Amino acid sequence: MVTLYQNKVIDRLRDALTKKMNMVSVSMKVDEVDPLSFFEAGEKFFLGQRFYWSDCTNEYVFVGLGRTYVIQSDDQSKHRFIEIERKWKKILEGALIEREQDVLGTGPILFGGFAFDPLKRKTEKWINFPSARFILPSILLSKRNNETWLTVNVVDQSLEQLEEIIIHLFNGQKKQNNKDVYCLLKKEIEREKWIQAVKDVTSEIHDGKIQKVVLARELELMFNEQIDSARVLAALREQQPMSYIFAFENGSSCFLGASPEQLVKKEENVCETVCLAGSIKRGKTLKEDEQLGDWLLHDEKNRQEHQLVVDMICNAMNEVCDHVVVPQAPTLLKMRHIQHLYTPVKGYSKENVSILSLVERLHPTPALGGFPQEEAVRKIREIEPLDRGWYAAPIGWMDASGNGEFAVAIRSALIHENEAHLFAGCGIVAHSDAYSEYEETNVKFKPMLFALGGMDE
């Protein structure tokens, strides 16, 4: 059966390439294959050039291998969103796209992300992750609901090795890894400096200089062996099934995570986003869990923090949508280790509203930056004792028709060989207590700690 896929894809590509287009994209339906196995099999030919994405409902799953095009921007302003969109449109203008069926999630898909703050001084560990970077993969596996599709994107007539690669990807044996991987060192970065920053910001909020600032901190782990991103993804997929599971490799580094937070989704004119702010741990018993959730729903500090996000997102959506629907009060979103105040927002966009224009308008929400936006980001840049890189920033995908989805890259880690850098933050408002906020970040570290093997249940 794999030989049939391989032959059909090669024949279609060879025929399409005779038309002398700048880029050819051929998609066809294939038998079901586990996306994670496909990602793992891609290591042989594409190590350092892979991405993985699944949304929080598992409706869309993508695995990208190789790089037909790399689009990036080092622009230190909001022009980076426009620049990525302009370059993507330019590629598509000279492309021949052949699909068996017109199905969302198939054809050429661009995947990537942005830095949280392009003006922040970049540290060495984020050197491979610029202000914006997107990949059009050479080979894409798309899974939507119960259907699986294979897309191949090429720019010239060189089809060498492609047949061998496709056969390997569908027949590749699961890698045997019997190594005992364990954490050698766990180090909190600038703990006291972070706690003092929280105290300083709280004082400024009391003085009326700003309403909310989100401050993040870093945890560094060292392991005895090189970290296998496929193994971490498998753990995240099992442990965090209601999250966006993502991985983006660039050379020897991989940024990956399990985020509960959607930034925006666009399918034709339907736009969806969520307000996620205000958090507390899960209870050890059902009764304790319900009590904690009830407290969260009625806590003044968390409700205030949540309402700032709701107001900002609704204002942004109303500027580009004809009709916006938002519930009157939040509900609870319960994850494995934490529960959040949750309000979904839905709108119907006006004409010529692109997915990246929505990303630009919404990032960063008060849940990740603070309020007012510019003042909060400036304060983060000034006093936060780390380089966020892509943490808490938009990461996601878009297709040739303007559809796409972006999540906020929280509950995440940057891994490099046997090192892992974990990030977690919390919103600081007038009623914040520095040590309570510190404990909240410890809860938010847990998803990545468990997946990496740096913490026991």
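The legends below describe an overall view and several close-ups of one predicted model. In this model, local features need pLDDT of at least 70 and side-chain atom pairs count only at pLDDT 80 or more, whereas totals for chains, interfaces and linings use all residues. Residues are numbered from 1 along each chain as its sequence is written, and side-chain values use heavy atoms, with hydrogens and water left out.

**Figure 1. Overall view of the chain, with 12 helices and 23 strands.** Helices (H or I, at least four residues) and strands (E, at least two) are DSSP runs, numbered from the N terminus. The radius of gyration is 22 Å, close to the 23 Å that the globule rule gives for 457 residues, so the chain is as compact as a globular protein of that length. That radius is taken over C-alpha atoms, and the rule is 2.2 Å times the number of residues to the power 0.38. The C-alpha trace spans about 70 × 55 × 45 Å along its principal axes. Of the 457 residues, 58% count as buried (buried: under 20% relative accessible area; exposed: over 50%; partly exposed: in between; 1.4 Å probe, protein chains only). Among contacts (heavy atoms within 4.5 Å) between residues at least 6 apart in sequence, 77% join residues at least 24 apart.

Figure 2. Ser-25 has 1% relative accessibility and counts as buried. Leaving aside residues up to four places away in sequence, Ser-25 touches Leu-96, Ile-97, Glu-98, Gly-107, Pro-108, Thr-151, Val-152 and Asn-153.

**Figure 3. The largest cavity, holding about 200 Å³ of space.** Of the 21 residues that line this cavity, Ala-367, Ile-410, Arg-411, Gly-425 and Lys-444 are the closest to its centre. Strand E15 (270-281), strand E23 (419-428) and helix H12 (434-452) are the elements that give two or more residues to the lining. By class, the lining has 10 nonpolar, 5 polar and 6 charged residues (nonpolar: Ala, Val, Leu, Ile, Met, Phe, Trp, Tyr, Cys and Pro; charged: Asp, Glu, Lys and Arg; polar: the others, Gly among them). The structure holds 4 cavities of 30 Å³ or more. On a 1 Å grid over the protein atoms alone, a cavity is a set of points where a 1.4 Å probe fits but cannot get out, and lining residues have an atom within 4 Å of a point. Grid points are joined across faces, edges and corners, and a volume is the space filled by probe spheres set on the points.

**Figure 4. Cysteines in a structure with 0 disulfides.** A disulfide is a pair of cysteine sulfur atoms within 2.5 Å. For Cys-271, the closest cysteine sulfur is that of Cys-321, at 4.6 Å, which is too far for a bond. Cys-271 is buried, at 0% relative accessibility. For Cys-56, the closest cysteine sulfur is in Cys-275, 14 Å away and also too far for a bond. Cys-56 is partly exposed, with a relative accessible area of 27%.

**Figure 5. Cis peptide bonds at Pro-364 and Pro-372.** His-363 and Pro-364 are joined with omega about -10 degrees; Pro-364 sits in the loop between helix H10 (355-362) and strand E19 (370-371). Phe-371 and Pro-372 are joined with omega about -10 degrees; Pro-372 lies in the loop between E19 and helix H11 (373-383).

**Figure 6. Positive phi at Asn-58 and Glu-268.** Asn-58, with phi near 65 degrees, is in the loop between strand E2 (50-54) and strand E3 (60-65). Its relative accessible area of 47% makes Asn-58 partly exposed. Glu-268, with phi about 55 degrees, is in the loop between strand E14 (262-267) and E15. Glu-268 is exposed, at 61% relative accessible area.

Key: On a 1 Å grid over the protein atoms alone, a cavity is a set of points where a 1.4 Å probe fits but cannot get out, and a pocket is an open set with protein on both sides within 12 Å along at least five of seven lines; lining residues have an atom within 4 Å of a point.
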